[in-house]
Amino acid sequence: MRRILAAALLTLALLALALPACASQITVTELEDEASGSRLAVFSVEADEIDTEPGEVSEPDAVQLAVSALIEARFAQQKALVAMNRGQVTQTGSVWQDGKTASMALRWQGEQADGSDGSMATCLTVNLETGEEIAMAQLFADVDGALAAMEAIIVDDVLEDMSDYMEFADLLPMPTDSFSVDERGLTVYWPEDRYRYFDGTSGSVTFYWHELADYIGQESPVYALAHPDVPGSDGEIESLCMTGSVTPTLLVKLDDRLDSVAGRYLLADPDYTTDALVYPLERERGWAVEIPKFAETPEEETPISAIRAARVSMAGLLTTGKTTDVEVIALLGDPAAEIVYDEDAALDAMLEPGTSLYYEISGRVLQLHMDEGGVLACVILRKAMPESLY
């Protein structure tokens, strides 16, 4: 089986070098050794076909060769195969690309290239038009402002809630040499000896685009991600409510069973409100799901009754930390209900003191909780109006 994997890896490499000269794209292929359970994630460069004369083979261009060289140097794909021959290797790979930019991330668990056992995250973001690597600083017009904002988020959102039992939690200063980007945001990865989860995997933090948009200029390769050309509308909010989701980038919807959510996201131990169990998504900052506290089904079989998002920009219109109650009412009209949460009530509801505006949209209830300054602090999508409002 491992000879087959070696042959497959070689074939992918040769195919990458035999492609015609044209616009490139990155693919990630998973190769699995059924006997050992090892899995490799192999990145390769592909290109669209172009017309050639019969029997003619076009040579790869300089950009394609440069990207292929960067991939092999960064991800050590041949060394990964050698490591798998020594022990068990588990790799998961992802890639985001838009035709001009590609961003790759690889998590490597188990036997490492140097023979040690552990966890490592490796990333590469490249310009597909020049073949050059893109550094984090090239994403921002205001680099210092962006880095300060990200480190402030780490202090407020990550370190504040981090368990005292974590042995590896040295998050500051934030590394800038290991990151990836996708539709959701910018994800930064730490070495395992600085930040490690309880399950032994190296840690990461995702910064959502709406949190970084002010620092990203028009020349940035991620400008379109942080500043969508077409603004959302109340119709898009209605569509999201109808599908039972707060954002299309999170793979959780109302009525999903708790065990199915746990199969996609790592759930932390639940907290409790007056009438619900609230499970934070451990690696999705600011997100949690709820199930009824007194459900008739076992917890793992209970459907999700609410989705909480304390860090979100719903349809680009309802943005935590930015959107005001005046703007909400101008967009959605007067709410169906309004509740003021003092300090005690807010503690019971796992919210901060403020006011919640409740809207009935497409058979769902959208709870928009404003802080005491009238700024959106949390978006909660519910299956039904809370019993306390009847």
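Leaving aside its neighbours within four places in sequence, which residues is Ser204 in contact with? They are Arg107, Thr187, Val188, Tyr189, Trp190, Tyr195 and Tyr197, where contact means heavy atoms within 4.5 Å. What you're looking at is a predicted model, so local features need pLDDT of at least 70 and side-chain atom pairs count only at pLDDT 80 or more, while totals for chains, interfaces and linings use all residues. Residues are numbered from 1 along each chain as its sequence is written, and side-chain values use heavy atoms, with hydrogens and water left out.

**Around Ser204**
- Ser204 is found in strand S8 (residues 204-208); helices (H or I, at least four residues) and strands (E, at least two) are DSSP runs, numbered from the N terminus.
- With 14% relative accessibility, Ser204 counts as buried; that word means under 20% relative accessible area, with exposed being over 50% and partly exposed in between (1.4 Å probe, protein chains only).
- Its side chain also makes a polar contact with the side chain of Arg107, at 3.0 Å. A polar contact is a pair of N or O atoms within 3.5 Å; within protein, one must be able to donate a hydrogen and the other to accept it, and residues adjacent in sequence count only if both atoms are side-chain atoms.

- Helix H7 (residues 234-243) has Ile237, Leu240 and Cys241 buried. They sit on the same side of H7 because they cover an arc of only 100 degrees around the axis, going by the directions from the helix axis to the C-beta atoms.
- Among the elements covering those buried residues of H7 are strand S13 (313-314), strand S14 (318-319) and helix H9 (325-332).
- In helix H3 (residues 77-86), the buried residues are Gln77, Ala80, Leu81, Ala83 and Met84. Their arc around the axis is only 160 degrees, so they too share one side of H3.

**The nonpolar cores**
- The largest nonpolar core has 34 residues, and Val246, Trp287, Met314, Leu366 and Leu368 have the most contacts inside it. Such a core is a set of buried Ala, Val, Leu, Ile, Met, Phe, Trp, Tyr and Cys residues joined through side-chain atoms within 4.5 Å.
- At least two residues of this core come from each of several elements, including H7, H8, strand S10 (276-280) and strand S11 (287-292).
- Another core, of 30 residues, lies apart from it, with Leu139, Ile153, Met162 and Leu212 among its members.
- Sequence neighbours within four places aside, Met314 is in contact with Ile237, Leu240, Cys241, Ser245, Val246, Leu366 and Val379.

**Val261**
- Val261 belongs to helix H8 (residues 258-264) and is buried, at a relative accessible area of 0%.
- Beyond neighbours within four places in sequence, Val261 is in contact with Val252, Asp256, Leu267, Leu281 and Ile304.

**The sheet**
- An open sheet of 8 strands runs in the order S9-S10-S11-S12-S18-S17-S16-S15, with antiparallel pairing; two strands pair if DSSP finds at least two bridges between them.
- Its edge strands are S9 (271-272) and S15 (337-341), each pairing on one side only.
- S12 and S18 run antiparallel and are joined by 4 bridges; Ala309 has Val379 in S18 as its bridge partner.

**Cysteines**
- A search of the whole structure finds 0 disulfides, a disulfide being a pair of cysteine sulfur atoms within 2.5 Å.
- Cys241 is buried at 0% relative accessible area, and Cys378 counts as buried at 8% relative accessibility.
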